[in-house]
Amino acid sequence: MNPRIFRIVSTLLLATSMTTTVRAQEVTLRLVSAFAENGIYVQRLLPWITKVNAEGKGVLQINFLGGPKAIPTFEVGNAVKTGVVDMALSTGAFYTNVMPEADFLKLTQIPIAEQRKNGAFDAINKVWNEKGNMQYLARMVENQPFHIYTNKKVDKPDLSGQKIRISPVYRDFFQALNANVITTPPGEVYTALERGVVDGYGWPIGGIFDLNWHEKTKFRIDPGFYDAEVSLIMNLPAYKKLTDAQRNYLQKQLLALEAENTFWGKYATTETARQQAAGIQTISFDAATASAFRAKAYDIGWAGAIKQSPEIAPRFKALFAK
Ligand code: 173
């Protein structure tokens, strides 16, 4: 080949292969949420996705596919496990059908930053990798205790005669408080309250206004218990397929997301005030009853965990407790 032509052809080839390389280096991850799109969790996730996409051109992009209308709440875990989607925003209680351990994350009593340091995060990932075919990426909600919301007044921690909507988070504890429990995804709570199918429900301190449940709620029982866990999870093969540059970029953005978790303490305060302003009355107990109530929540929670997963639960307990 004539050297000039050779140079042109090889330059063209190089350019083509570089373009291909650049394209191959950008990955688009498909993400769904197990929580409603208009709820606080997705509302806080969307700006993060926008930032990831703006700063991640040529490296990594996230395509938000939607909430429970895209994939029903209790099917999101399996969608991540099988690679139907790459990533999800969920809480472990919604994917106990993948592994019972998912729901144990509500029992953490130390911040996610500390979980990353003391080995809890790695212990979680060992189980998530092996049993769930997924990577536990980041926790985006902390400092959001759960509460009992009800329309039937009580003067002691006893839910006898009450029908309460639950997710797996509350099952053992509420049954120990003599409630009749009914499991529903969040999307069915309003209708269940409206039709009188339930007298109340479990939910964290924040978010009851998002789906208008305040319209159907008379009382909140204090104190709260556990800590709502809402996290990003990812299909493990998809995670392993990322290049180093893509994984490092994702990691940087995940840590930035967790650094925003200081929001939740303030949100708990404003949501408590907002509930009061909406006429929701607080039911509280004397100090001894309140602390026994909280202790019972954890005792029952860990006892249930140990029963479901006798080897893993004690390992988690040593790393999750204060
Ligand atoms: O549906 C629920 O009440 C539940 O399990 C949950 C978990 C984390 C955040 C919000 C709700």
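Let me begin with a term: a residue is called buried when its relative accessible area is under 20%, exposed when that area is over 50%, and partly exposed in between, using a 1.4 Å probe and protein chains only. This is a predicted model, in which local features need pLDDT of at least 70, side-chain atom pairs count only at pLDDT 80 or more, and totals for chains, interfaces and linings use all residues. Residues are numbered from 1 along each chain as its sequence is written, and side-chain values use heavy atoms, with hydrogens and water left out.

Side chains of opposite charge can pair when their charged atoms come close. A salt bridge here is a side-chain nitrogen of Lys or Arg within 4 Å of a carboxyl oxygen of Asp or Glu. The structure contains nine salt bridges.

Consider Asp-103 and Lys-106, whose closest N and O atoms are 2.8 Å apart in a salt bridge. Asp-103 is buried at 7%, and Lys-106 is buried at 8%.

Next, Arg-116 and Glu-258 form a salt bridge, at 2.8 Å from N to O. Arg-116 belongs to helix α4 (residues 112-118) and Glu-258 to helix α9 (residues 244-259), so the pair ties together parts that are 142 residues apart in sequence. Helices are DSSP runs of H or I with at least four residues, numbered from the N terminus. Arg-116 is partly exposed at 21%, whereas Glu-258 is buried at 9%.

Finally, a salt bridge joins Glu-271 to Arg-274, at 3.2 Å between the closest N and O atoms. Both residues lie in helix α10 (residues 263-277), three residues apart, about one turn of the helix.

How values were computed
Helices (H or I, at least four residues) and strands (E, at least two) are DSSP runs, numbered from the N terminus.
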